Amino acid sequence: MKILMSVSSRHGGTAEIGARVAQGLRDSSHEVEVVSPDAVTQVDHYDGVVIGTSVYVGRVGLDLKNLVEQHGGALRSRPVWMFWSGPVGDQPENVPVPDDVVEVARNAGARQVHAFGGRLAREGLSVTEKSLLARVQFEAGDHRDLDAAYAWGRRVAQELATSWSGSTGG
């Protein structure tokens, strides 16, 4: 099956999670096309879609929001999974899903939303990002579990294989 993977990643950490998810899908015999959210022109020829985003201060990447807004109807007509990254310090499953993530997932018709830990380093942050971080508690470091991302990709592949009997593309 042909899968679209589209990930919004401000500093590259979420893109690395997406790459591991994509590898799990590929290792399960799916063809995966990785396209940045702002480069997606259509989703009709994919059998399934995985979208991902970094979340900063509760906000989904604008490019992913725009993708879902532009292609919402087509997304809702096929299986969609969504992941987000951002929690630092706490276990991702213990962090409430931000309202912005819930809204984007609903608009995309996502079957599942999965959280992964994030990566936070002060180096490379803009002045605005540093200012925002100064107002909240955070634990710098790499809190991502790339093996868990790979395993989630394998689970998505299994769900896709058992739940999607039709093929929309090639």
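**Group meeting talk: rings, helices and cores**

F83 and F116 are both buried. I'm starting with those two residues, and I'll come back to them in a minute. One thing to keep in mind as we go: what you're looking at is a predicted model.

Okay, the overall picture. The protein has 170 residues, and 42% of them count as buried. It contains five helices and eight strands. If you walk along the sequence, the order goes β-α-β-β-β-α-β-α-β-β-α-β-α.

Now back to the rings. How many aromatic pairs does the structure hold? Three. One of them is F83 with F116: the ring centres sit 5.7 Å apart and the planes make an angle of 75°, so we call this pair edge-to-face. The cut-off behind that name is a plane angle over 60 degrees. F83 is in strand β5, residues 80–85, while F116 is in strand β6, residues 112–116, so the pair links parts of the chain that are 33 residues apart.

F116 also pairs with W152, again edge-to-face, at 6.0 Å centre to centre and 80° between the planes. This pair links distant parts of the chain as well: F116 is in β6, but W152 belongs to helix α5, residues 146–163, and the two are 36 residues apart.

Why does W152 count as buried? Because its relative accessibility is 0%, and the cut-off for buried is under 20%. F116 passes that test too, at 3%.

Next, two helices. Helix α2, residues 62–76, packs against helix α3, residues 99–108, at an angle of about 30°, and the axes are 7 Å apart. From α2, the residues making the contact are L64, K65, V68, G72, L75 and R76; from α3, they are D100, V104, R106, N107 and A108. Sort them by class and you find five nonpolar, two polar and four charged residues.

As a general point, nonpolar side chains in soluble globular proteins tend to be buried together. Here, the largest nonpolar core has 22 residues, and the ones touching the most other members are L4, V43, I51, L64, L75 and M82. The elements giving two or more residues to this core are β3, α2, β5 and α3. Helix α2 gives the largest share, with five residues. Zoom in on L4 and, leaving aside neighbours within four places in sequence, its contacts are E33, V35, V40, V43, Y46, G48, V49 and V50. There's also a second, separate core, with 17 residues, and M5, W81, F83 and W152 are among them.

Last stop: S54, in strand β3, residues 48–56. Is S54 buried or exposed? Buried, because its relative accessible area is 6%. Not counting residues up to four places away in sequence, S54 touches S8, S9, R10, T14, R59, V60, G61 and S85.

How values were computed: Residues are numbered from 1 along each chain as its sequence is written. This is a predicted model: local features need pLDDT of at least 70, side-chain atom pairs count only at pLDDT 80 or more; totals for chains, interfaces and linings use all residues. Side-chain values use heavy atoms; hydrogens and water are left out. Helices (H or I, at least four residues) and strands (E, at least two) are DSSP runs, numbered from the N terminus. Buried means under 20% relative accessible area, exposed over 50%, partly exposed in between (1.4 Å probe, protein chains only). Contact means heavy atoms within 4.5 Å. Rings of Phe, Tyr and Trp (its six-membered ring) pair if their centres lie within 6.5 Å; planes under 30 degrees apart count as stacked, over 60 as edge-to-face and the rest as tilted. Axes are lines fitted to C-alpha atoms, for helices over the stretch in contact, and angles run from 0 to 180 degrees between N-to-C directions. Ala, Val, Leu, Ile, Met, Phe, Trp, Tyr, Cys and Pro count as nonpolar, Asp, Glu, Lys and Arg as charged, and the others, Gly among them, as polar. A nonpolar core is a set of buried Ala, Val, Leu, Ile, Met, Phe, Trp, Tyr and Cys residues joined through side-chain atoms within 4.5 Å.
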